[in-house]
Amino acid sequence: MKFETVKLVQKDCFNLKDIFECGQCFRWTQEEDGSYTGIVKIGVLNISYIKDEIMVKGYVEDKTSLKEFVIDYLDLNKDYKNIQKEISTNDSVMKDAIRFGNGIRILNQDSWEMLISFIISAANNIPRISKCINNISKEYGKKVVIPQDIQNKLFKFGKKENTFYLFPSAKELSKATMEELRDCNLGFRDKYVLKSAQLVSNKKINLNEIEELEYKTAKKELVNIDGVGSKVADCILLFSMKKSEAFPVDTWIKKIMNEIYIDSQNVKKINDYAYKKWGLNSGIAQQYLFNYMRNKS
DNA sequence: CCACAGGGCGGCA
DNA sequence: TGCCGCCCTGTG
């Protein structure tokens with residue numbers, strides 16, 4: 001592991017709070033100095049603003065390039081300004097939602113981690129989802145202890161906690177027994193999690209191959225997995241497989257779609273409506289609407 | 001004690 | 001298809 005920093009120029013449509021608190025990720029927390037600390041595939045990151053720049057610091061695996069990772073992870077090559085314009089013409093509700101969450105960007109996260117995270121999200125709340133993920137990481141993931149000198153550079157505000165646990169690989173998690181996993185308090189979702197870990201570990205499921213498929217075919221593959229339905233599949237596709245047309249329909253989205261756009265409880269009909277209206281921008285449209293419903297007032 | 005949380009599944013019309 | 005009860009657990 002090594003310490004590395006990257007400075008990025010501030011872009012349009014970029015805000016740490018919007019990005020990390022719009023519900024797309026579960027392992028980022030705000031620190032007392034306003035920066036955000038997250039545990040990702042390559043290690044532990046801390047992101048803050050310094051004047052007009054974004055400062056990314058990381059204690060990461062030797063072989064990785066922090067800059068390359070972060071540009072992809074934070075989706076910095078996409079033109080959100082233009083997407084905002086496209087999806088909000090003649091739509092005052094979407095305009096409000098965009099004004100409210102102007103700095104949202106869709107993170108490009110790890111597909112295996114998203115599979116498990118969103119299986120856990122079913123009929124659950126965000127604090128508890130985070131807790132569950134931390135539990136399995138602590139039990140089965142790699143332990144990362146940050147050396148004191150690096151700790152001081154990574155967290156200038158004086159964070160004490162220096163031990164973190166990476167999200168376990170499928171192989172690591174597949175070694176769990178049902179009884180052990182039960183102690184992680186996943187509830188009824190634990191059997192789905194273990195089964196998925198075994199399938200991915202045994203290569204009966206290859207998430208990289210699924211990612212290569214077109215959206216609809218990839219979704220069909222994903223919903224075959226126990227514990228993965230339409231909503232969870234769309235979350236995986238959107239947050240880790242670069243499928244920008246994925247439109248996860250949960251209770252909040254159902255609510256606002258019924259109020260404003262289409263009067264139906266049928267998830268497939270809502271999906272079809274979204275695709276006709278927003279096309280390849282459906283995913284980001286969903287995030288603006290979800291964040292607006294969830295976090296306003 | 002009860003309802004409900006960013007769903008999914010299985011059973012039944 | 002559409003609808004419903006149930007699934008663990010924590011919190012109000």
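D52 counts as exposed because it has 7 C-beta neighbours inside 10 Å, where exposed means 12 or fewer other C-beta atoms within 10 Å of a residue's own, buried means 20 or more, and partly exposed is what lies in between, with the C-beta atoms placed from the backbone. You will find D52 in the loop between β4 (43-50) and β5 (53-60), and helices (H or I, at least four residues) and strands (E, at least two) are here DSSP runs, numbered from the N terminus. The C-alpha atoms of D52 and K11 are separated by 9.0 Å, although the two are 41 residues apart along the chain.

Before I go on, a word on the model: it is predicted, and local features need pLDDT of at least 70, side-chain atom pairs count only at pLDDT 80 or more, and totals for chains, interfaces and linings use all residues. Residues are numbered from 1 along each chain as its sequence is written, while chains are lettered from A and ligands numbered from 1 in the order in which they are written.

Let me stay with loops for a moment. Most residues other than glycine have a negative phi. D75, however, has a positive phi, near 60 degrees, and its place is in the loop between α2 (66-73) and α3. D75 counts as partly exposed because 18 C-beta neighbours lie inside 10 Å. A123 also has a positive phi, near 45 degrees, in the loop between α5 and α6, and with 8 other C-beta atoms within 10 Å A123 is exposed.

A123 brings us to the DNA, since it is one of the residues around DNA strand C, together with R128, N185, G187, F188, Q265 and N266; a residue is near a strand if its C-beta atom, placed from the backbone, lies within 6 Å of it. By class, this surface near DNA strand C has two nonpolar, four polar and one charged residues, where Ala, Val, Leu, Ile, Met, Phe, Trp, Tyr, Cys and Pro count as nonpolar, Asp, Glu, Lys and Arg as charged, and the others, Gly among them, as polar.

Around DNA strand B there are 20 residues, and the closest are G23, A122, G229, K231 and V232. Helix α13 (230-240) and helix α14 (251-261) each supply at least two residues of that surface, and the largest share, four residues, comes from α13.

Now to the interior. Which residues of α5 are buried? They are W112, E113, M114, L115, I116, S117, F118, I119 and I120, that is, nine of the 10 residues of this helix, which runs over residues 111-120. These buried residues pack against α6 (126-140), α8 (170-174), α10 (190-201), α11 (207-212) and α13, with contact meaning that two C-beta atoms, placed from the backbone, lie within 7 Å.

Not counting residues up to four places away in sequence, Y288 touches M94, A97, I98, G101 and I104.

Finally, M94 and I98 belong to α4, where M94, K95 and I98 meet Q84, I87 and S88 in α3. The residues of this contact divide into three nonpolar, two polar and one charged.
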